[in-house]
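Please look through the structure below with its side-chain packing in mind, beginning with a pair of helices and ending with the aromatic rings.

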Amino acid sequence: MKWAAPLAVLGLLIGAWELLAKLGHIENYLLPAPSEVATALWRDRDLLSSDTWVTAREVLLGFALALAIGVAIAIVLHLSPVLRRAVYPLVVASQAIPVVVIAPILVIWFGYGITPKLIVIALICFFPVVVNTLDGLEGVDGDQAKMMRTLGASRLDLLRRLEVPSALPFLFSGAKIAVAVAVIGAVFGELVGSDAGLGHAIQVGTAQLETARVFAAVLILSVMAIALFGLVALIERRAVPWARGPRERP
């Protein structure tokens with residue numbers, strides 16, 4: 001029942017969009033009706049399915065790369081206060097560099113293959129993983145840490161048995177943000193330089209005034225982002241059940 005209200009609102013919006021496109025005397029190359037988008041989705045299914053696979057592969061690999069780099073940086077900065085003071089400001093400053101400037105340079109360096117897309121995705125996604133994971137590692141209960149030291153736990157034991165488990169809910173919060181924006185990073189990388197993928201399909205469809213196909217590609221990207229977010233949330237529920245809110249606990 002919790003999906004009833006959002007689905008009802010979505011249905012009303014789609015209905016209003018259909019009426020506006022059909023009765024508003026708007027050219028379909030400017031605003032295609034949802035029915036035309038659905039037609040394009042079916043008519044161009046072979047093209048869109050191959051492009052979807054390309055983009056999905058880029059998103060998954062780029063997200064995995066960002067996750068690995070982000071967690072590694074967070075752990076290193078947590079273990080070394082000196083490095084944290086030296087490196088953390090640079091991590092923050094990295095987000096001030098416009099990707100629109102970096103992406104064309106990456107294409108020049110690495111060509112039109114998958115490498116520039118993975119780097120763009122990693123640059124966009126690693127920051128929320130680093131910040132959230134580091135906050136989780138730093139937020140461990142001091143009394144629990146003291147008790148473990150009293151029992152003879154080493155620094156590695158503290159990290160493995162206390163700090164990492166405590167940081168998992170924070171890590172998943174950052175991962176959910178990262179996996180959503182990973183789709184944006186993949187499309188942006190494809191728009192800068194690519195011969196396949198949904199970003200390329202959008203670019204070609206725009207040049208050919210195939211607006212319905214462009215909307216269909218955008219719809220697929222939206223579904224992909226929602227599905228990946230839901231997958232990470234599902235893994236979170238299984239991996240860290242203790243982090244659920246009071247109403248979610250059995």
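**Helix packing and aromatic rings**

In α3, the residues Leu-47, Leu-48, Thr-52, Thr-55, Ala-56, Val-59, Leu-60 and Phe-63 meet Arg-213, Ala-216, Ala-217, Ile-220, Leu-221, Met-224, Leu-228 and Val-232 of α10, where contact means heavy atoms within 4.5 Å. By class, this contact has 13 nonpolar, 2 polar and 1 charged residues, with Ala, Val, Leu, Ile, Met, Phe, Trp, Tyr, Cys and Pro counted as nonpolar, Asp, Glu, Lys and Arg as charged, and the others, Gly among them, as polar. This is a predicted model, in which local features need pLDDT of at least 70 and side-chain atom pairs count only at pLDDT 80 or more, while totals for chains, interfaces and linings use all residues. Residues are numbered from 1 along each chain as its sequence is written, and side-chain values use heavy atoms, with hydrogens and water left out.

Arg-45 lies over the face of Trp-42, at 3.9 Å from the ring centre, and the charged end of Arg-84 sits over the ring of Tyr-88, 5.6 Å from its centre; the criterion is NZ of Lys or CZ of Arg within 6 Å of the ring centre and within 35 degrees of the ring normal.

Trp-109 counts as exposed because its relative accessibility is 62%, whereas Phe-110, at 43%, is partly exposed (buried is under 20% relative accessible area, exposed over 50%, partly exposed in between, with a 1.4 Å probe and protein chains only).

Terms used: Helices (H or I, at least four residues) and strands (E, at least two) are DSSP runs, numbered from the N terminus.
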